[in-house]
Amino acid sequence: MRVTINQIKEMKQKGEKIVMLTSYDYVTAQIVDKAGIHMILVGDTLGMVVLGYKTTIPVTIEEMLHHTKAVVRGTENTLVIGDMPFMTYQISAEEAIRNAGRFLQETGCQAVKLEGGVTMAEKVKRIVECGIPVMGHIGLTPQSINQLGGHKIQGRTPEAARKLLDDAKAIEQAGAFALVLETVPARLAALITKRISIPTIGIGAGAGCDGQVQVINDILGSYTGYIPKHAKQYVKLVDIMSNAVSQYRDEVTTGEFPADENSFTIDDAVIAELEK
Ligand code: KIV
């Protein structure tokens, strides 16, 4: 049985930690699903860690839908959330609803995520009213990177901290079922977590959040670009993959691969007939 948004909300009440990871393809989603991770976010980080863009800004809804479908096919138990890319929800509530609807209808995912606080609350409310669960995302919101002026820690001044608290409350009141807090000082994230009734999911927001999310490529060491301070690398897949590819190159060059066990047999008589 798939995890539901009600179970996620109950986990906060029970004080149980919520575990979320990103995934972008079928095989990875199967591994994450089997590991018992509660939620998968098909994040627009896809743009960087899978498609090779420099930021999340160029990611299109068609790219997101394509990868979200693959992730849904790889899961049975995990709640799958599709990330709404830049300019698919900002312009009007109508566009936001239509595009959020595309995620549920065309991919089979169970919820969507979008970035923004007070200014996006009305859109969140309207999407939720249509029966589409929404996860909010405040703090460092990568789709606004040009406005924010880079990957900076958010909420460090009294005004900025107050604004983040207001953003969190607005998204809670709009009906979101959970809220991502990205790159926020740990004590501020813990305070926001206490002040709102929906679960907070931190990324670079300390241990006081109700749950944590990481970009899977960061914890597996399979992305060689920007590695954020908050990420812990549990393995370095890039090295393991590079070694395997180099070994393959060498064995093909020397003729060691393919060996007999990697080849197929044929009756001697067939070859003899051709050699006549
Ligand atoms: O796109 C993404 O992967 C995200 C997470 C970093 C929260 O938004």
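Predicted model: local features only at pLDDT ≥ 70, side-chain atom pairs only at ≥ 80, totals over all residues.
Student: Which residues lie around the ligand, and how many of them are charged?
Tutor: The shell holds Thr22, Leu41, Gly43, Asp44, Thr45, Asp83, Lys113, His137 and Ile203. Two shell residues are nonpolar and four are polar. The charged ones number three.

Student: What is the distance from the polar side-chain atom of aspartate 44 to an oxygen atom of the ligand?
Tutor: Asp44 belongs to the shell around the ligand. A polar contact needs N or O atoms within 3.5 Å. For the side chain of Asp44 and a ligand oxygen, the distance is 3.0 Å.

Student: How much of the ligand's exposed area does the protein bury?
Tutor: On its own, the ligand exposes 260 Å². Of that area, the protein buries 98%.

Student: What distance separates an oxygen atom of the ligand from an N or O atom in the side chain of lysine 113?
Tutor: Lys113 is one of the residues around the ligand. Aspartate 83 is another, and a side-chain N or O atom of Asp83 lies 3.1 Å from a ligand oxygen. For Lys113, the distance is 3.1 Å.

Student: Where does the ligand sit?
Tutor: Ile203 is among the residues around the ligand. Ile203 is also one of the lining residues nearest the centre of the largest pocket. The ligand sits in the largest pocket.

Student: Which elements give two or more residues to the lining of the largest pocket?
Tutor: This pocket holds about 630 Å³ of space. Its lining has 30 residues, with Glu182, Thr183, Ile203, Pro228 and His230 nearest the centre. The elements are helix H3 (46-49) and strand E6 (178-182).

Student: How many residues in the lining of the largest pocket are nonpolar?
Tutor: Set aside the eight polar residues. Set aside the seven charged ones too. The nonpolar residues number 15.

Student: Which element gives the most to the lining of the second largest pocket?
Tutor: The second largest pocket has a volume of about 410 Å³. Its lining takes two or more residues from each of strand E5 (134-139), helix H7 (145-148) and helix H8 (158-173). With four residues, the top contributor is H8.

Student: How many residues in the lining of the second largest pocket are polar?
Tutor: The lining has 24 residues, and nearest the centre lie Gly116, Gly139, Thr141, Lys163 and Asp167. Nine lining residues are nonpolar and three are charged. The polar ones number twelve.

Methods
Residues numbered from 1 in each chain as written. Heavy atoms only, no water. Near = heavy atom within 4 Å. Polar contact = N/O pair within 3.5 Å; in protein donor to acceptor, adjacent residues only side chain to side chain. Areas by Shrake-Rupley, 256 points an atom, 1.4 Å probe, with all protein chains shown as cover. 1 Å grid on protein atoms, 1.4 Å probe; cavity = no way out; pocket = protein on both sides within 12 Å on 5 of 7 lines; lining within 4 Å. Sits in = over half its atoms within 2 Å of the grid points. Nonpolar A, V, L, I, M, F, W, Y, C, P; charged D, E, K, R; others polar. Points joined across faces, edges and corners; volume = space filled by probe spheres on them.
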